Amino acid sequence: MTDELVHVRYMVDDVEAAVGFYTTHFGFTVRSNAAPAFADVVRGNLRLLLSGPKSSAGRPMPDGRTPEPGGWNRIHFVVDDIGVEVERLRAAGLTFRNDIVSGPGGRQILLEDPAGNPIELFQAAGA
């Protein structure tokens, strides 16, 4: 395979809201939009597939479980100044799951897209 994009699928409640969120706050551009079922947005080498309840990815599994947004797996954005980014995003009314935490590798915080999918902002130690 020669595709240079990394593909991540997020289940979302509202495809249009998710497109607006990622293009407005994180600099993604729309690659395709078949709302309300599906859209994909791109930032650098990341292709984020936004699958709504009416998409093929939203169909129930054989055991009856239905794919849904949320969980703890997440995309990870490296930032130069986490304090500045958090302030910018809080001012825009975004929802955070926690406050900035520090560890040996750096500082991080989790926020949510409109469907509740987590996004991690990370600033490396010493940055």
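Trainee: What makes E1, E4, E3 and E2 an open sheet?

Mentor: In this predicted model, 4 strands lie in the order E1-E4-E3-E2 with mixed pairing, where a strand is a DSSP run of E with at least two residues, a helix is a run of H or I with at least four, and both are numbered from the N terminus. Strand E1 (6-11) and strand E2 (29-34) stand at the edges with a single partner strand each, so one side of each is left without a neighbour in the sheet. Neighbouring strands of this sheet are turned by 15° against each other on average, direction ignored.

Trainee: How do you know that strand E3 and strand E4 pair?

Mentor: Two strands pair if DSSP finds at least two bridges between them; 6 bridges join E3 (residues 38-43) to E4 (residues 46-51) in the antiparallel sense, and Arg43 stands opposite Leu46 in E4.

Trainee: Which strands does helix H1 lie across, and at what angle to E3 does it run?

Mentor: Helix H1 (residues 15-26) lies across E1, E2, E3 and E4, running at about 10° to E3; axes are lines fitted to C-alpha atoms, for helices over the stretch in contact, with angles from 0 to 180 degrees between N-to-C directions, and contact means heavy atoms within 4.5 Å.

Trainee: How many bridges pair E8 with strand E9?

Mentor: E8 and E9 (residues 118-124) pair antiparallel over 7 bridges, with Glu120 in E9 as the bridge partner of Leu110.

Trainee: How are residues numbered, and which cut-offs apply?

Mentor: Residues are numbered from 1 along each chain as its sequence is written, and side-chain values use heavy atoms, without hydrogens and water. Local features need pLDDT of at least 70, side-chain atom pairs count only at pLDDT 80 or more, and totals for chains, interfaces and linings use all residues.
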